[in-house]
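Here are my notes for you to read with the structure open beside them. Take the points one at a time and find each residue as you go.

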Amino acid sequence: MAEEDRPERQAAPVTVKDAFAQAMEAYNAGRHGDAARLFEAIVEAAPDHAAAWENLGVARQALGDAKGAEDAYRRAAEIAPNNASPHFNLGTLLGSLLRTEEAAACYHAAVERDPNQPSALNNLGIALCDLGRYDEAQVAISRAIAAKPDHAAAHMQLGVL
């Protein structure tokens, strides 16, 4: 059959799962812009895909788009209110923006959802320390160490406190 007589091949449709895998691959390869575009396409196709919203936030944060990252994290937390991860990521973003009170609230939310998450507990302790709430900070950091005895950052923070 001649080239022009062959039926045109249709590409198989990309599933949300495939697109998510491609987006994660792009992010892990340091191609944050590509990852953000893929996550944006996913949330357009599947607006309630909490993990895509959260990872869109991560990609936008890596690109320096704090407002876009904040919006994406908030949407992920709205869709999956019992998931600690978007609250933790939002706290980390807000802490980096020196919005310490808000960061502490996000870390509290993360700890409410996952009481033994050592990084959330440690970051909560750091935020509380920055706010001058030293007794509460000590409790949070001690809980981080209890949850993960080899959590070096928590031991260091306890020493700083």
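1. Start with Glu 40 and Arg 60, whose side chains meet in a salt bridge at 3.2 Å, N to O. Keep in mind that this is a predicted model. Glu 40 sits in helix α2 (residues 32–45) and Arg 60 in helix α3 (residues 50–62), so this pair ties together parts that are 20 residues apart in sequence. How covered are the two partners? Glu 40 counts as partly exposed at 32% relative accessibility, while Arg 60 is buried, with a relative accessible area of 17%.

2. Now the other salt bridges. The structure holds 14 of them. In general, side chains of opposite charge can pair when their charged atoms come close. One of the pairs is Arg 31 with Asp 34, at 3.1 Å from N to O. Arg 31 is partly exposed, at 39% relative accessible area, and Asp 34 is also partly exposed, at 30%. Another is Arg 133 with Glu 136, where the closest N and O atoms are 2.9 Å apart. Here, too, both ends are partly exposed: Arg 133 has 28% relative accessibility and Glu 136 has 38%. Which residues do shared partners link up?

3. Next, look inside. In soluble globular proteins, nonpolar side chains tend to be buried together. The largest nonpolar core here has 25 residues, and Tyr 73, Leu 90 and Leu 124 touch the most other members. Two or more residues each come from α4 (66–79), α5 (84–96), α6 (100–113), α7 (118–130) and α8 (134–147). There's also a second, separate core of 14 residues, with Ala 36, Ile 42, Val 43 and Ala 52 among them.

4. Zoom in on Leu 90. What does it touch, leaving aside neighbours within four places in sequence? Its contacts are Glu 70, Tyr 73, Arg 74 and Cys 106.

5. The disulfide count comes to zero. Cys 106 is in no disulfide, and the nearest cysteine sulfur, in Cys 129, is 19 Å away.

6. Leu 98 is in the loop between α5 and α6, and its phi is near 65°, a positive value in a residue other than glycine. That's worth a look because most residues other than glycine have a negative phi. Is Leu 98 buried or exposed? Exposed, with a relative accessible area of 72%. Thr 100, by contrast, is in helix α6 and counts as buried at 18%. Not counting residues up to four places away in sequence, Thr 100 touches Ala 127, Asp 130 and Leu 131.

7. Finally, turn to the surface. Tyr 134, Leu 158 and Leu 161 form a nonpolar patch there, with about 250 Å² of accessible area together. Leu 161 lies in the segment after α9 (152–160) and is partly exposed, at 31% relative accessibility.

Methods:
Residues numbered from 1 in each chain as written. Predicted model: local features only at pLDDT ≥ 70, side-chain atom pairs only at ≥ 80, totals over all residues. Heavy atoms only, no water. Core = buried A, V, L, I, M, F, W, Y, C linked by side-chain atoms within 4.5 Å. Buried < 20%, exposed > 50% of the residue type's maximum accessible area, 1.4 Å probe, protein only. Helix = DSSP H or I, 4+ residues; strand = E, 2+ residues; numbered from the N terminus. Contact = heavy atoms within 4.5 Å. Disulfide = S-S within 2.5 Å. Patch = residues over 30% accessible without salt bridge, like charges linked within 9 Å, V, L, I, M, F, W, Y side chains within 5 Å. Areas by Shrake-Rupley, 256 points an atom, 1.4 Å probe, with all protein chains shown as cover. Salt bridge = Lys/Arg side-chain N within 4 Å of Asp/Glu carboxyl O.
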